[in-house]
Amino acid sequence: MATEEIRVRGTVQGVGFRPTVYRLAKACGLRGNVCNDGEGVLIRVSGNEEVLTEFVARLQTECPPLAKINKLTRTPYESELKFDNFVISTSVSNVINTEITPDAATCPQCQKEIFDPFSRFYRYPFTNCTHCGPRLSIIRAIPYDRCNTSMSAFAICPECAKEYHDVENRRFHAQPVACHVCGPTAWLERADGKSVTASMFSMLDDVDAVCTLLQKGEIVAIKGLSGIHLACDATQETVVQKLRQRKKRYDKPFALMARDIEIIEQYCIVNPKEKELLTSSAAPIVLLQAIGKKVLAPSVASGQNTLGFMLPYTPLHHLILRRMNRPIVLTSGNLADEPQCIANDEAREKLGTIADYFLFHNREIINRVDDSVVRVIGDKVQRIRRARGYAPASISLPPGFHKIPQILAMGSELKNTFCLLRDGEAILSQHLGDLENVAAFNAYQETLNLYLNLFEHQPEIIAIDKHPEYLSSKLGKELADTNQIPIHQIQHHHAHIAACMAENGIPLDSPPVLGIALDGLGYGDDGTLWGGEFLLADYRKFQRLAIFKPVAMIGGEQAIYQPWRNTYAQLIAAHLWNDCQENYPDLEIVKFLKNKPLKLLNQLIEKKFNSPPASSVGRLFDAVAAAIGIYRDECSYEGQAAIALEAIVDVSSLNNDKEAPISPFSFSFSDSIYCIDSRPMWQALLNDLQQQIPKQVIAAKFHKGLANAIVEMVKHLRQENLINQVALTGGVFQNCILLEQVTKGLQALGIKVLTHSLVPANDGGLSLGQAVIAAAQLIHEC
């Protein structure tokens with residue numbers, strides 16, 4: 001007989017892991033106990049050595065659906081086990097080193113129960129079990145026990161307690177277990193304060209009444225799992241426009257929810273991988289190719305060829321949509337750019353002029369978590385926003401990072417996340433939004449404090465972006481000064497590349513990769529703005545090998561929201577403006593620009609006053625879009641013109657050089673750096689406009705030409721540097737056409753291409769890169 005202590009680390013609390021241990025131990029005839037503690041799950045067990053080995057093997061192969069074992073260690077246990085059988089013991093509080101499970105979509109069994117008139121969970125909107133339901137959104141502390149969640153406010157009834165303590169029941173130790181008798185309740189309110197009576201709707205209950213309200217063209221604020229959403233019928237243009245005006249979200253696409261896959265397929269193509277994502281426990285918003293069998297309200301996603309759909313992921317949503325045979329808009333319950341509301345009183349105050357009705361409940365949301373957004377490119381999933389369903393599941397770090405101190409990385413200014421590094425794993429926060437909004441920055445600080453307390457994380461190093469004005473960087477400096485912690489300032493694009501390397505498992509001491517980081521902008525080592533970078537990089541350092549030709553951002557931030565400024569700056573930089581006036585005076589873009597205060601603009605460029613040069617490829621996309629008439633004058637959000645430019649590409653011509661030949665770029669070399677110059681592309685584009693070539697074909701030519709220029713630059717760089725792997729990163733590589741074209745071209749050269757999947761290519765993945773660079777630099781110093 002042997003006695004062992006088995007330590008299991010990973011996502012093993014609140015997911016039915018202890019019941020699985022119990023069931024397998026009983027089946028193997030073992031005695032001992034299992035409990036939760038701050039490090040994960042601890043098993044002390046006695047039995048035949050061969051049986052113990054079988055038990056451990058089955059633990060890994062029969063792991064519960066939401067569980068993930070990161071590490072399992074077995075050590076001899078010298079003390080006597082005072083157990084005649086196998087039992088589940090009370091949780092132990094000690095040093096926190098375990099994970100918090102992401103919120104999980106309603107499982108099939110719970111779905112079945114809420115629609116079964118003979119089930120005690122019939123039409124109960126908060127039904128859950130160990131395989132589904134709230135986790136991160138309700139937790140206050142670890143270990144994940146009911147007393148440490150917002151469910152502590154609800155005393156468990158005898159029937160639920162019976163299931164909670166029944167090891168054969170799937171609700172065994174399901175901390176949020178509840179029912180009509182003992183759990184949270186939902187109710188409907190009018191935004192104008194008048195009472196709601198059942199006779200108004202003659203529905204089954206308040207939740208069912210929401211469906212009728214949506215069908216009638218009302219806007220309803222719905223308190224869900226981890227935040228409050230605003231909902232309306234997505235097929236009624238009048239109400240969608242009303243929602244846009246009230247919410248002050250004038251153009252950005254709305255997310256959609258549909259009852260089932262069959263309804264989604266009336267509006268979009270859904271391939272097997274996309275279906276798998278929609279029906280997964282994460283239940284993200286999936287960007288799908290629109291097909292237009294049925295027509296939605298035009299303003300749901302104007303200027304887009306994709307729609308962001310999700311399926312119901314809570315019993316509340318399933319019940320609301322039971323009678324809804326068309327999609328609904330389900331967008332964050334907030335004013336534009338503010339954090340999503342999570343509390344009832346907050347929603348009454350902030351959403352009272354937006355929603356007509358509120359569907360509230362009395363379970364407190366502890367952690368605000370937005371919906372995740374993903375896209376399938378080729379056969380790979382790209383996470384555009386990592387939040388509900390994915391965060392805060394840990395990311396295992398590559399070899400070489402397993403003996404590092406605790407590190408905190410503060411992330412970026414836009415699409416912010418922060419990252420905690422410890423014991424060979426990275427814990428990335430949920431998407432926290434754009435910190436330039438005061439409310440968002442306050443929410444960022446609250447969430448950061450919560451994570452530091454939850455995980456008892458005491459950083460020994462803080463990593464920040466080099467940009468001196470990022471609020472996340474300023475806060476990082478304050479924390480470092482207050483706590484006397486060393487600070488590492490990390491270059492923006494190096495962090496992008498390191499994040500891509502880390503999620504692809506590139507070991508710490510690997511040779512450098514060529515990182516191609518294309519985005520809107522980031523603060524460069526030379527004090528200028530970068531955004532079109534070819535960096536030979538490892539985790540510790542980088543060398544800038546090539547760039548896109550820097551062009552002025554006229555008016556600074558104004559250039560982000562007024563794309564024509566970028567067009568004019570590009571034409572000036574290419575020395576083509578005089579040519580435009582002489583040879584292309586009748587082009588719309590030329591007429592448009594001539595009506596602008598060009599003398600003043602020229603002075604701004606010459607004096608570099610509020611018009612910093614930037615190598616930004618994001619702004620190049622904006623410039624091309626404006627030139628061909630896409631969001632030329634104004635954008636309401638960053639990247640709107642670039643996204644619309646991708647959407648109009650004539651895909652059929654991408655592989656046909658006769659229909660859409662490659663738009664040319666040129667190359668130069670000075671100051672030890674190669675440079676990609678867009679002047680030939682602009683000359684070709686002006687000619688195409690003169691010849692009235694369709695804008696869809698011009699867009700295709702631009703994408704092909706840009707991809708070709710990137711691949712050709714890699715060919716140049718390979719002649720002087722050992723390059724076997726290329727990392728494609730930055731927000732521009734969320735453009736699936738560019739990503740696919742560049743990947744195809746590089747693979748034809750025999751180069752291994754690294755892309756993002758676990759973390760966003762945009763700034764949402766930046767904190768991971770900051771953290772691993774700081775860790776690598778520390779290891780190097782030691």
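**Entry 1: a bridge and its strands**

I looked up Asn33 and found that its bridge partner in S3 is Arg44. I note here that the model is a predicted one. Strand S3 covers residues 40-47 and runs antiparallel to S2, with seven bridges joining the two. I then asked in what order the strands of the sheet lie. The sheet is open, has five strands in the order S4-S1-S3-S2-S5, and its pairing is mixed. Strand S4 (68-76) and strand S5 (86-88) are at the edges; each has a single partner strand, so one side of each has no neighbour in the sheet. From one strand to the next I read an average twist of 15 degrees.

**Entry 2: helices on the sheet**

I checked which strands helix H1 (residues 17-27) touches as it packs on the sheet. H1 touches strand S1 (2-11), S2, S3, S4 and S5, and its direction makes about 170 degrees with that of S5. Helix H2 (residues 49-61) also packs on the sheet, where it touches S1, S3 and S4. For H2 and S4 I noted an angle of about 165 degrees between their directions.

**Entry 3: Asn36**

I went back to S2, residues 31-37, for Asn36. Is Asn36 buried or exposed? I found a relative accessible area of 1%; that is under 20%, so Asn36 counts as buried. Leaving aside neighbours within four places in sequence, I listed its contacts, among them Val12, Arg18, Val41, Ser91 and Tyr144.

**Entry 4: aromatic pairs**

I found 16 aromatic pairs in the structure. Phe358 is buried at 2% relative accessibility, and Phe360 is buried at 1%.

Next I looked at Trp530 and Phe542, an edge-to-face pair with 6.3 Å from centre to centre and 90 degrees between the planes. This pair links distant parts of the chain, 12 residues apart: Trp530 is in strand S24 (residues 529-537) and Phe542 in strand S25 (residues 542-548). Trp530 is buried, with a relative accessible area of 3%, whereas Phe542 is partly exposed at 22%.

I also noted a cluster in which ring pairs link Phe418, Phe441, Tyr444, Tyr451 and Phe455.

**Entry 5: charges over rings**

I asked which ring Arg244 lies over. Arg244 lies over the face of Phe254, 4.0 Å from the ring centre. I then found the charged end of Lys596 over the ring of Trp564, at 4.6 Å from its centre.

Conventions:
Residues are numbered from 1 along each chain as its sequence is written. This is a predicted model: local features need pLDDT of at least 70, side-chain atom pairs count only at pLDDT 80 or more; totals for chains, interfaces and linings use all residues. Side-chain values use heavy atoms; hydrogens and water are left out. Helices (H or I, at least four residues) and strands (E, at least two) are DSSP runs, numbered from the N terminus. Buried means under 20% relative accessible area, exposed over 50%, partly exposed in between (1.4 Å probe, protein chains only). Contact means heavy atoms within 4.5 Å. Two strands pair if DSSP finds at least two bridges between them. Axes are lines fitted to C-alpha atoms, for helices over the stretch in contact, and angles run from 0 to 180 degrees between N-to-C directions. Rings of Phe, Tyr and Trp (its six-membered ring) pair if their centres lie within 6.5 Å; planes under 30 degrees apart count as stacked, over 60 as edge-to-face and the rest as tilted. A charge sits over a ring if NZ of Lys or CZ of Arg is within 6 Å of the ring centre and within 35 degrees of the ring normal.
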